[in-house]
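Walk me through this fold.

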Amino acid sequence: QETLAIAICLVIMVIFLFLRKVSATIIPALAVPVSLVGTCAAMYAFGFSINNMTLLALTLSVGFVVDDAIVMLENIVRHIEGGMRPFEAALKGSREIGFTIISITFSLIAVFIPVLLMGGMVGRVFREFAVSVSIAIVISGFVSLTLTPMLCARVLKGHHGEEKQNFVLAAFESLFERMLRIYRWTLDRVLAYRAIMLVVTLATIAGTIWLYIVVPKGFFPVEDTGYVIGITEGNTDIAFPAMAELQRKVADIVRKDKAVAYVNSTVGAGGPNTLGNSGRMLVALKPQEEREKLPVVLGRLRREANIIPGIEIFFQPIQNINLGGKLSKSQYQYTLQSNDTEALYRAAPQMRDKMARLPALRDVTTDLYIKNPQVTVEVDREKAAVYGVTVEQVRQTLYDAFGSRQVATIYTPANDYQVILESKPEFQQSPDDLDKVYVKTSAGTMVPLSAVTHFVRTVGPLQVNHQGQQPAVTISFNLAPGYSLGQAVDAIQNLEREERLPASINTGFQGTAQVFRDSLRGQGILILAAIFAAYVVLGILYESFIHPITIISGLPSAGIGAILTLMLFKMDLSVIAMIGIVMLVGIVKKNAIMMIDFAIERRRVGLSAEAAIREAASLRFRPIMMTTFAAIFGTLPIALGTGAGAELRQPLGVAVVGGLVLSQLLTLYITPVIYVYLDRFDRMIKRRIEPQLEEVPEAPTAVAAE
């Protein structure tokens with residue numbers, strides 16, 4: 001909510017600096033509350049809630065919903081400054097720019113169609129986000145075509161020469177005029193040597209593909225929610241009192257850390273703990289402004305808490321978004337499955353040890369415990385027959401001593417109590433206590449259990465885990481600092497190929513790691529689908545195969561800018577960053593649309609392609625800069641990463657801001673150059689087609705005889 005408020009203030013400030021009038025600033029600024037309120041009404045109708053994804057959509061929409069209104073306003077103001085009355089300027093300006101706004105709106109919505117159609121858990125996470133942004137864009141387009149021209153006609157005043165302005169606004173306008181002169185001069189040079197810019201365009205395409213291949217890829221960024229879960233593990237033969245005492249010592253160490261607010265500790269089997277040698281700690285951290293960043297706190301807790309002999313603790317931050325997988329000691333899981341338990345239990349520890357040596361992994365552990373002490377009670381049937389003891393009697397005696405047999409119920413007026421038969425706790429501590437158990441013979445006498453049995457001491461698994469009805473071993477791991485999930489997955493797969501595991505063992509990632517691999521396969525398709533959807537919509541609107549190519553020619557510059565910025569700030573190309581790049585596909589096109597629309601109109605009145613695009617670029621320079629800076633400043637609070645859970649949103653903001661900055665610089669030159677080349681190609685095709693159409697004989701007309 002704070003980020004949303006900051007974004008609104010920054011966008012209005014940008015509009016005011018460019019328009020320099022309060023009355024003119026109010027007109028596009030009104031598009032923000034109208035669009036957001038309308039979006040909230042649609043969200044209510046769809047049954048959406050105010051959550052992390054919809055709030056992110058509303059915040060991002062602030063930079064987009066003013067774009068259409070700015071384009072409309074700027075065109076009307078240009079006619080007013082040319083001497084027209086506001087009412088006439090509103091009619092003429094809205095008539096000129098209406099198709100441009102429709103093109104911008106529908107092409108921007110088109111890029112979200114692949115996001116809406118995304119399958120799996122990731123698609124379900126981002127569906128509300130995509131729907132909310134699309135609704136905001138539709139409403140803003142409607143507002144700019146209706147409310148904005150009406151306000152311009154009623155609020156704006158006629159042009160009465162130069163008005164006095166304060167120093168700040170005058171300096172900003174002087175700076176803008178200087179930028180415009182520089183742009184015109186450089187554009188003339190670029191058009192004169194357009195072959196060089198064509199090479200630059202091809203280089204951006206190649207650079208984007210190369211950067212996409214080499215950039216570290218992740219899933220969702222690790223959030224600092226203020227809560228950390230610690231999973232403890234003792235020796236497999238540890239008794240409950242000893243485990244509880246060790247857990248208490250570890251909890252005391254964690255509680256004394258300067259970043260910890262409080263600790264909730266549980267130990268023993270039951271609830272989330274599946275084994276008697278395991279425990280859980282919920283560690284609540286102090287507010288972010290009172291402590292270090294989460295990686296620093298986790299590193300210190302790992303060092304300080306793992307000093308108690310006989311117990312080990314694994315920490316992982318609690319996340320807002322958890323996509324499947326079993327609860328494990330570390331965040332990511334890698335599973336081995338096989339019906340051949342002997343081969344499985346032999347290969348899993350070797351795989352775990354080699355994974356622990358990989359530099360990309362940390363806290364590598366497994367849920368396989370095959371050294372658990374066991375005692376097998378073998379009945380000597382000959383001796384048992386001599387004493388008159390049956391195997392069933394031996395089993396029932398052991399259950400009476402060490403089981404949980406209910407033998408009675410005590411009823412009281414207020415409650416009832418179960419009576420459980422068992423040996424005293426001091427006789428349940430060691431296998432040697434079996435010697436103290438006696439069995440009743442058929443003669444009514446008591447003989448020691450050891451008289452009719454043999455005690456065989458062995459080792460075996462503490463429990464046999466299954467997954468998909470097959471015995472399975474899960475190796476869990478965390479990421480080392482500076483490594484992405486994609487790098488960790490690649491390292492494990494390379495190790496798997498080197499090890500050449502037995503054919504009977506199936507391997508695979510589970511939980512978040514598996515969802516990441518699924519999403520990674522669809523990232524490239526998502527980008528291509530967004531570009532294709534935008535191309536189809538633009539082709540329908542312009543009734544041309546050529547002009548949409550001109551409009552989307554600047555998209556690689558946005559991609560290369562986004563990836564370079566992510567790498568500069570040492571961020572992974574995560575799913576949330578990929579959604580930001582998809583949004584860039586829609587945002588960057590609007591600059592080209594504003595130029596191409598005007599150039600096509602000027603081309604129809606007889607201007608050459610170079611003259612038409614030069615005039616269009618100069619005339620649309622102000623609205624292009626206004627809409628781009630509005631989008632940049634609207635996204636900037638997200639990129640700066642302030643507030644709780646900012647780690648999840650920050651990559652999207654960084655990708656959008658970085659992509660806009662570089663694409664703004666390049667598309668102002670790439671689009672005119674591509675337009676000149678493709679216009680020549682378009683004219684050449686038309687010259688070849690038109691003679692063929694003229695040679696086609698007309699169909700004979702039937703004349704009715706009187």
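Two strands count as paired if DSSP finds at least two bridges between them. The model is predicted. In it, S2 and strand S3 (residues 278–285) are joined by seven bridges and run antiparallel. One of the residue pairs is Thr266 with Arg280, the latter in S3.

That pair of strands belongs to an open sheet of four strands. The order is S2-S3-S1-S4, and the pairing is antiparallel. Strand S2 (260–267) and strand S4 (311–317) each have a single partner strand, so they stand at the edges, with one side of each left without a neighbour in the sheet. Direction ignored, neighbouring strands here are turned by 20 degrees against each other on average. In general, strands of a sheet pair through backbone hydrogen bonds, either parallel or antiparallel.

Now the helices. Helix H10 (residues 240–255) lies across strand S1 (227–234), S2, S3 and S4. Its direction is at about 170 degrees to S2. Helix H11 (residues 294–305) also packs on the sheet, where it touches S1, S2, S3 and S4. The direction of H11 makes about 175 degrees with that of S4.

Next, the leucine. Leu668 lies in helix H22 (residues 646–695). Is this residue, Leu668, buried or exposed? Its relative accessible area is 6%. The cut-off for buried is under 20%, so Leu668 is buried. Which residues does Leu668 touch, not counting those up to four places away in sequence? They are Tyr183, Leu187, Phe621, Ile624 and Ser663. Asn591 is 77 residues apart from Leu668 along the chain, and their C-alpha atoms are separated by 7.9 Å.

Terms used. Residues are numbered from 1 along each chain as its sequence is written. This is a predicted model: local features need pLDDT of at least 70, side-chain atom pairs count only at pLDDT 80 or more; totals for chains, interfaces and linings use all residues. Side-chain values use heavy atoms; hydrogens and water are left out. Helices (H or I, at least four residues) and strands (E, at least two) are DSSP runs, numbered from the N terminus. Buried means under 20% relative accessible area, exposed over 50%, partly exposed in between (1.4 Å probe, protein chains only). Contact means heavy atoms within 4.5 Å. Axes are lines fitted to C-alpha atoms, for helices over the stretch in contact, and angles run from 0 to 180 degrees between N-to-C directions.
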